[in-house]
Amino acid sequence: MTDLAGATRVSSEQAALSVAVQLSKSFAEGAGARDAHRILPHEQVRALKESGLLALTVPAVHGGLDVPVTVLAEAIRLIAHGDPSIGQIPHSHFTFLEALRLQGTPAQQAYFYGLVLDGALFANAQSERGPHPVDVDTTTLTASGSGYVLNGRKYYSTGALFADWLIVRASRSDGSGQVPTAATPKAIAFVPRDASGVEIVDDWDGMGQRTTASGTVALDAVEVPAANVVEFSPIFARPTVYGARAQLLHAALDVGIATGALEEAVRQAAKARPHFEASVSSAVEDPTLVQLAGELTVTVRGAQALLAEAARQVDVARADLTEDSAAAASIAVAVAKVAAARAAVEAGSALFEFGGTRSASASGNLSRYWRDARTHTLHDATRWKIRHIGNFTLSGTKPPRHGQL
């Protein structure tokens with residue numbers, strides 16, 4: 001376990017965003033080299049832990065700042081603007097802190113929120129590989145004595161190598177060997193990363209988001225105290241913004257990639273030679289490039305605006321939670337997520353137009369913006385979000401309750 005002493009306590013929402021700006025600038029330094037050589041950002045994640053930002057959503061009753069979602073989303077966007085891989089690492093941390101708020105007992109909340117205030121980082125171990133559907137967890141949590149035993153294998157466990165605790169989603173099992181289904185009740189287990197029976201494998205080989213450490217977590221007869229188990233399935237039995245909030249943070253990451261790519265495009269244009277037919281002295285005066293810059297700015301700023309509006313909708317729904325407010329928040333986030341994914345991929349591709357042939361140099365590693373965007377936007381299929389948006393628009397059909405809406 002990491003020594004958690006010394007994490008800063010962030011005093012205000014404005015201070016939180018100021019810290020995020022500082023970290024973004026720091027993380028941007030060397031981001032290209034870390035991606036190119038797959039150098040894991042241990043030092044940068046340590047700085048994130050010490051910054052106090054990981055405690056932004058801890059409820060005030062437990063000593064936290066409990067910032068609005070608008071602030072949290074912007075903090076994630078800023079970090080992703082500097083280095084998208086680092087921006088993705090705390091996503092599950094904030095998502096499962098919300099699960100703790102919704103389902104944890106007072107004792108569980110006091111304990112785990114206390115760890116976070118001291119700088120603890122939680123990472124997910126929830127996704128699995130097939131052939132079973134993605135909403136089935138074959139990882140099982142079985143009662144044993146006064147606690148439980150956890151067995152299974154998880155993939156895409158973002159940030160696990162940097163984490164102090166793993167949050168493992170598992171199907172409840174009675175020990176009979178019955179194969180879990182989508183209807184099997186699920187729980188999440190809070191497991192120290194150095195617990196006996198836990199193996200974290202550094203085997204993530206994605207073309208983008210290369211330094212998220214999204215590898216495999218193997219769980220072999222891991223003993224889990226009852227105090228470390230939180231029910232998960234009940235979150236979706238009532239209106240919440242759990243899924244919308246989680247998806248909003250994914251959208252924030254995509255917008256961060258888009259704003260980072262646009263900023264890089266401006267830098268490339270400043271160094272580029274103008275096209276001879278433009279009859280201008282610099283590339284930034286080329287009317288075709290000016291047109292492209294305007295179009296891309298509209299796309300990126302549009303995504304930013306939709307992100308901010310969706311975050312406000314989530315905050316509104318949290319303050320007055322009903323079936324209708326939760327649905328409106330989910331749709332607003334879905335709209336923002338679609339726009340963010342499009343903006344990230346487009347900006348990551350278009351930036352090469354600003355720099356010309358020299359921008360394709362492998363040494364510059366500018367392809368990382370597109371690779372990061374294309375990799376991360378595969379996380380949740382936007383085509384399904386568009387379908388739910390269309391149904392809501394035409395017939396008022398509320399979106400389903402699950403972690404991807």
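Q: What makes a stretch a helix here, as for the one that holds Ala-261?
A: A helix is a DSSP run of H or I with at least four residues. Ala-261 is found in such a run, helix H8. The model is a predicted one.

Q: What does Ala-261 touch, leaving out residues up to four places away in sequence?
A: Ala-261 touches Ala-347, Gly-348, Leu-351 and Tyr-369. Touching here requires heavy atoms within 4.5 Å.

Q: How far is Ala-261 from Arg-245?
A: Their C-alpha atoms are separated by 25 Å. Along the chain the two are 16 residues apart.

Q: Why is Ser-282 called partly exposed?
A: Ser-282 has a relative accessible area of 22%. Ser-282 sits in the loop between helix H8 (242-271) and helix H9 (287-319).

Q: What makes the pair Ser-282 and Glu-285 a polar contact?
A: The distance between their side chains is 2.9 Å. The cut-off is 3.5 Å, so the pair qualifies.

Q: Why is Thr-184 called buried?
A: The relative accessible area of Thr-184 is 16%. Buried means under 20%, so the label holds. Thr-184 lies in the loop between strand E4 (165-173) and strand E5 (186-192).

Q: Which partners does Thr-184 have?
A: A polar atom of the Thr-184 side chain lies 2.8 Å from the backbone nitrogen of Thr-181. Leaving aside neighbours within four places in sequence, Thr-184 is in contact with Ser-171, Arg-172 and Ser-233.

Q: What makes the phi of Asp-66 and the phi of Asn-365 worth a look?
A: Most residues other than glycine have a negative phi. Asp-66 is not a glycine, yet its phi is positive, about 50 degrees. Asn-365 is not a glycine either, and its phi is about 55 degrees.

Q: Are Asp-66 and Asn-365 buried, partly exposed or exposed?
A: Asp-66 has 32% relative accessibility and counts as partly exposed. Asn-365 has 9% and counts as buried. Asp-66 is in the loop between helix H3 (42-51) and helix H4 (69-82). Asn-365 is in the loop between helix H10 (323-355) and H11.

Q: How do you know whether the peptide bond from Gly-130 to Pro-131 is cis or trans?
A: Omega is near 20 degrees, and the bond is cis. Most peptide bonds are trans. Pro-131 is found in the loop between strand E1 (122-125) and strand E2 (140-144).

Q: What makes a set of residues a nonpolar core?
A: Its members are buried nonpolar residues joined through side-chain atoms within 4.5 Å. The largest such core has 84 residues. Leu-53, Leu-150, Leu-166, Val-191 and Val-198 touch the most other members. Apart from it lies another core, of 21 residues, including Phe-96 and Ile-188.

Q: Which residues line the largest pocket nearest its centre?
A: They are Ser-127, Arg-169, His-379, Asp-380 and Gln-404. The lining has 43 residues, and the pocket volume is about 1,300 Å³. Helix H6 (91-103), H8 and helix H11 (367-376) each give two or more residues to the lining.

Q: How many lining residues of the largest pocket are nonpolar, polar and charged?
A: There are 13 nonpolar, 22 polar and 8 charged residues.

Key: Residues are numbered from 1 along each chain as its sequence is written. This is a predicted model: local features need pLDDT of at least 70, side-chain atom pairs count only at pLDDT 80 or more; totals for chains, interfaces and linings use all residues. Side-chain values use heavy atoms; hydrogens and water are left out. Buried means under 20% relative accessible area, exposed over 50%, partly exposed in between (1.4 Å probe, protein chains only). A polar contact is a pair of N or O atoms within 3.5 Å; within protein, one must be able to donate a hydrogen and the other to accept it, and residues adjacent in sequence count only if both atoms are side-chain atoms. On a 1 Å grid over the protein atoms alone, a cavity is a set of points where a 1.4 Å probe fits but cannot get out, and a pocket is an open set with protein on both sides within 12 Å along at least five of seven lines; lining residues have an atom within 4 Å of a point. Grid points are joined across faces, edges and corners, and a volume is the space filled by probe spheres set on the points. Ala, Val, Leu, Ile, Met, Phe, Trp, Tyr, Cys and Pro count as nonpolar, Asp, Glu, Lys and Arg as charged, and the others, Gly among them, as polar.
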